Amino acid sequence: MGNFVANEGLSIFVILVWLGLNAYLFVQFYFNFLTPKWFYTRVLLGHALSWARAPAAALNFNCMLILLPVCRNLLSFLRGTIQCCSRTAARQLDSNITFHKLVAYMIAFHTAVHIVAHLFNFEYFMDAQLNRNSSLLTFVLSEIGTGDNLPFLNPIRTNETNPTIVMFTTIAGLTGVAITLALILIITSSMEVIRRSYFEVFWYTHHLFIIFFIGLVFHGYGRIVRGQTNESLNISRPERCADQFEDWGKPGSNCSVPVFAGNPPGTWKWVLAPMILYVCERLVRIYRSHQKVVITKVVMHPSKTLELQMKRKGFSMEVGQYVFIQCPSVSRLEWHPFTLTSAPEEDYFSAHIRIVGDWTQELYEACGGDKNETQEAWKLPKVAIDGPFGTASEDVFRYEVVMLVGAGIGVTPFASILKSVWYKRIQNNQDVFTKKIYFYWLCPETQAFEWFADLLQSLEGQMTEKGMTDFLSYNIYLTRWKENEAAHFRVHHEAENDPITGLKQKTLYGKPNWDNEFTNIATKHPGTKVGVFLCGPPQLGKSLEKQCRSHSEADVKFIFNKENF
């Protein structure tokens, strides 16, 4: 329980506060529209009025939040600022995309409630206009504003129209349609299957957020939903005058015709500050994108993985960070995130890019990956870099014992960490708090081992020379091979080094028994906090997080950290 609180306590608290604020705003605004000011509006609309306005308030709140988790530079600044005060608080920033998704789902929910309620409202407005019975209060209220120079209450001004025409001829209707269509496209294109397989679709449709926010700001300018003004309310109280509607404004009557007005637009007050922050964020990105980046080396690895080694003036990084890369010759609009695989101690920064889609394939070809001859430096494409940005892996040196778990290309953040650890060790850096690293690499096929195995071979040889073989323990798993399938392969390749990776450590087959691994580490390192770092699929993350909770005891605690992109 204690470790669950350490891992998830603050996250749960933040989510509960956010849900509580949503509930508070919904309930507060629901009851705000049950006051006398809105009595006559409720005569026409009933409780559908409150059901439309309550989610609108919650929408404003969530639209205020939606941009903040994607302000990468702001988050990196906050992460560095609060890191020294609270590691737990800094770790919450690594869940920025998860929170961004939750806020988006909440926006979708409140939008749906808001739309359904307003569909009922327009039907009620239309019914009041169609029922031409002067003995009904609804008819009298609908006639206010017709030939008497008073503001209307019913926005449908004639019985010869319909809600669809009103929807496409009013500011509220047009902006509402634009907002809804933009939101539908943004959310549907964000599905995992589309984002992974058709990233360009996800990228372009996500920029419909510009239309969404413009529509949101202007949505309330038509002031279609109106309530009684305070001045009119003081003169003609509904509880006294509602039953005397046939005598409104007549000589001798104490009740005048009520005057109505809509609330001034307020959405801009909620979203202005986040929009300014986001504009500043984009300006910083534009500035960075115009800084000169030089590709110093291109390495084509056998497993169709492209390594770019680059330099940029003033570039400074930490282990495990990532950058966004743009290649104008491929696309001037698309930016893609890649983990840095170089160490801070090296005089360049690098990224390993697996060729899996149109953009990466075109970059691969632009760098000469499809040619046999070496590409001359002046022929290499220009690239722009935004970053670096912080991730959970930055905290790796804050733990005495560390578990690194990478799956497939998810091993890239740990390349930077392992390199940096080695540099610190050979330089006898006394500030290194980490004393032991357990590294696990899970790959489906042998081809995925090729580029990273070179680094491990180098580290293995250097550690043997320095007599530091106990510092790093690593296990490589070939997950799609079972032990019996690999037996024949091993018989014909009995050698000191592993036949697949060339390492002294033999490749294991199948999936790790995480329960045994965690138990062994807990036994070997009593009284420590073990940092568990994962870059891999969500299913593996759930499994490791569960192991962290179940194996944490009074003297050993496993703290789970996961990369998020």
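Predicted model: local features only at pLDDT ≥ 70, side-chain atom pairs only at ≥ 80, totals over all residues.
Good morning. Tyr 30 is buried in this structure, with a relative accessible area of 15%. Tyr 30 belongs to helix H1, which covers residues 2-32. What does Tyr 30 touch, leaving aside residues up to four places away in sequence? Its contacts are His 47, Ser 50, Trp 51 and Ala 54. Pro 55 also deserves mention: Tyr 30 and Pro 55 are 25 residues apart in sequence, and their C-alpha atoms are 8.5 Å apart in space.

I turn next to the surface. A nonpolar patch is formed there by Ile 171, Ile 210, Ile 214, Phe 218, Tyr 221, Trp 268, Leu 272 and Ile 276. Together these residues have about 760 Å² of accessible area. Helix H12 and helix H15, the latter spanning 267-289, each supply at least two residues of the patch. One of the patch members, Phe 218, lies in helix H12. Phe 218 counts as partly exposed, at 42% relative accessibility; patch membership requires over 30% relative accessible area, so Phe 218 passes that cut-off.

Two points on the backbone remain. Arg 223 sits in the loop between helix H12 (209-218) and strand S1 (226-228). Arg 223 is not a glycine, yet has a positive phi of about 50°. Its relative accessible area is 35%, so Arg 223 is classed as partly exposed.

Finally, which peptide bond is cis? The bond is that from Gly 387 to Pro 388, with omega near 10°. Pro 388 is part of strand S8, residues 384-389. Thank you.

Terms used. Residues numbered from 1 in each chain as written. Heavy atoms only, no water. Helix = DSSP H or I, 4+ residues; strand = E, 2+ residues; numbered from the N terminus. Buried < 20%, exposed > 50% of the residue type's maximum accessible area, 1.4 Å probe, protein only. Contact = heavy atoms within 4.5 Å. Patch = residues over 30% accessible without salt bridge, like charges linked within 9 Å, V, L, I, M, F, W, Y side chains within 5 Å. Areas by Shrake-Rupley, 256 points an atom, 1.4 Å probe, with all protein chains shown as cover. Salt bridge = Lys/Arg side-chain N within 4 Å of Asp/Glu carboxyl O.
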